[in-house]
Amino acid sequence: MCGIVGYVGNKKCIPILINGLLKLEYRGYDSAGIATISNNYINIIKCKGRVCNLQNQAEINNLTSTTGIAHTRWATHGIPSKENAHPHMDNLGNFAVVHNGIIENYLELKNFLIDNGYFFYSETDTEVIPNLIHYFYTNDLIDDKMKLLRAVKNTCAKLKGSYALEIISKFNPNTVIAIRKSSPLIIGTNKSEKFIASDIPAILQYTNDFYFLADNEFAVITKNKLDFYDKNLVKQHKNTEKVDINCCSINKSGYKDYMLKEVYEQSTSIQNTFYKFMVDNNISFPYINIDIGSINMIYIVACGTAMHAGLCGKFALESLCNIPTIVDISSEFRYRNPLLNKNSLCIFISQSGETADTIAALELAKSKGATTLAITNVFNSSITRKADYSLYTYSGPEIAVASTKAYTSQITLLVGISIYFSELLANTNTHFLKDEILTLPNKIKQTLQTSSKIKKLAKKLYNKDNIFFLGRGIDYITSMEASLKLKEISYIHSEAFAAGELKHGPIALIDNESYIICTITDSTLIYKVISNIEEVTARGAKTIIITSEELQTSDSEFIIKVPKTNKLLSPILSIIPHQLLAYYIAKEKGLDVDKPRNLAKSVTVE
Ligand code: F6R
């Protein structure tokens, strides 16, 4: 994972690099560091922990250089520490490198370098890179202006794994070299300044003109010039692309945390999503040219919360289109030789569009001849550039690590595409569902009014060690997502159970210390779930019920009502009290909600 930023121009680079790092902290925040170059000397400042620790280093204000690279780390190889923080240098201090990705063969390369007299200061995989560059640079007898680039190219030819790299060298003091393979890297440009970053928002305030580096493509970046080369160092012509995202929306707008802001944005974010495919009750996806009649199996592949959205999508696709739908975790799908052919449609869901396992799963599906459709929230992300077709959730940037508004937009889009396919197949009358989609923004606002009750509930639950979630049918999916939200930001152990499975083992966990949160919105299953609630209550558990306003459930310490809606859309409303509960419990515990420990927003390593 990790975030990287770079700058070459005529301004002091430090404020621009720090600002970019702060915007990239969602990719990791175990350590941060900067390398700048002036008077043929590379200066490195780094520290353990967050970017604000870097800002607090006194020396940082003395740096006046106009060329620099910077990094915020999510630890893979080596503990979070100053020694393992990037940038890393070669032994002689000639080259500095920041890296996002994993070098899988680093041990082999390290041993090779040790045999050649190099030594290592960190436990990282990255440190082999500047030393390999040094090795190739010093062994290259041709002394021309391509020498550094050749050393970088020869180094990359040895690397296995994924990487986005920025490199500076005291031999080319006003230049940054950038290269990527399976990790994102973009370059923003204006006349006399160049900006490099892992993603667009990190540098969007400086320019709207971007180059998107392709895999194995090199960029040689100076303030006035930008040259691109392919993996054989043949010069490439590239065009800039304009990106117009409103970067003003990337602030907390008065909310205490991004997560809370994003939970409250859901009425707007799902509306922005369905307005793109639904006009006057007509649904169309003009750029999706899939012969749905020829599809006999749909796979939905994703990770974490996006996978939960996929599980909700399965209900919509199967019930509206009658096409069997399998939902799979990307990291499982990619290694299990799935049965795919030209009659398979594979839908890949990813908020970031950069999740390494989902990208690899997509590549596998393409190689087996399946039609691929990406659903993502980030324009021009890696997944969209690889898929046959792409659809966007128009949620706006999601900054908090815990995904909320992207999830409800993904479900909205999946229901939309299911209706569209079903209309193409002439399967069902879908008017009622389209009418219902239009009511969702208001119903979300109503659901958010449960907030004060949920705050009280959080005070009761924040010191528990275990919390269980229970549901049947589509409510089981909501329970799974609720459990993920709770554990990732409050660090309380939680598990979700399909209510009917309780008796097959999990009920052994239940005693009079147990708290169980039940979601019941499916009227056809209510009596079944009530029986399951009775069973856990009989064993001393306390229950909290989140249910639809028209349903009569059993008694419970806390009952939270959400507005009635269609079953396929119900997860959009019923997850909201769970999102708020996870948020308020984490706040009660004094935790950093937006940046939970050990996590990062974008999982760009497998
Ligand atoms: C949980 C969460 C993660 C992501 C998962 C996939 O709140 O955010 O589980 O859903 O890492 O990320 P994307 O959607 O970017 O592929």
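Two strands are taken as paired if DSSP finds at least two bridges between them, and helices (H or I, at least four residues) and strands (E, at least two) are DSSP runs numbered from the N terminus. On that basis, 7 strands form an open sheet with antiparallel pairing, in the order E5-E6-E7-E8-E12-E13-E14. This is a predicted model, in which local features need pLDDT of at least 70 and side-chain atom pairs count only at pLDDT 80 or more, while totals for chains, interfaces and linings use all residues. Residues are numbered from 1 along each chain as its sequence is written, and side-chain values use heavy atoms, with hydrogens and water left out.

**The sheet and a helix across it**

- The edges of the sheet are strand E5 (88-89) and strand E14 (235-236), each of which has a single partner strand, so one side of each is left without a neighbour in the sheet.
- Strand E13 (residues 226-229) pairs with E14 in the antiparallel sense over 2 bridges, and Phe 228 has Gln 236 in E14 as its bridge partner.
- Helix H4 (residues 128-138) lies across E5, strand E6 (95-103) and strand E7 (161-169), and runs at about 125° to E6; contact here means heavy atoms within 4.5 Å, and axes are lines fitted to C-alpha atoms, for helices over the stretch in contact, with angles from 0 to 180 degrees between N-to-C directions.

**Salt bridges**

- A salt bridge is counted when a side-chain nitrogen of Lys or Arg is within 4 Å of a carboxyl oxygen of Asp or Glu, and this rule gives 27 salt bridges.
- Lys 595 forms a salt bridge with Glu 25, with the closest N and O atoms 3.4 Å apart; Lys 595 is in the segment after helix H17 (570-588) and Glu 25 in the loop between helix H1 (13-24) and strand E2 (31-38), so that this pair links distant parts of the chain, 570 residues apart.
- Glu 25 counts as buried at 6% relative accessibility, where buried means under 20% relative accessible area, exposed over 50%, and partly exposed in between (1.4 Å probe, protein chains only).
- Glu 398 and Lys 601 meet through their side chains in a salt bridge of 2.6 Å, N to O; because Glu 398 lies in the loop between strand E22 (389-392) and helix H12 (405-424) and Lys 601 in the segment after H17, the pair ties together parts that are 203 residues apart in sequence.
- Glu 398 is buried at 5% relative accessibility, and Lys 601 is buried at 11%.
- Lys 235 forms a salt bridge with Asp 227, the closest N and O atoms being 3.5 Å apart, and Asp 227 is buried with a relative accessible area of 14%.
- A network of salt bridges links Asp 140, Asp 144 and Arg 150.
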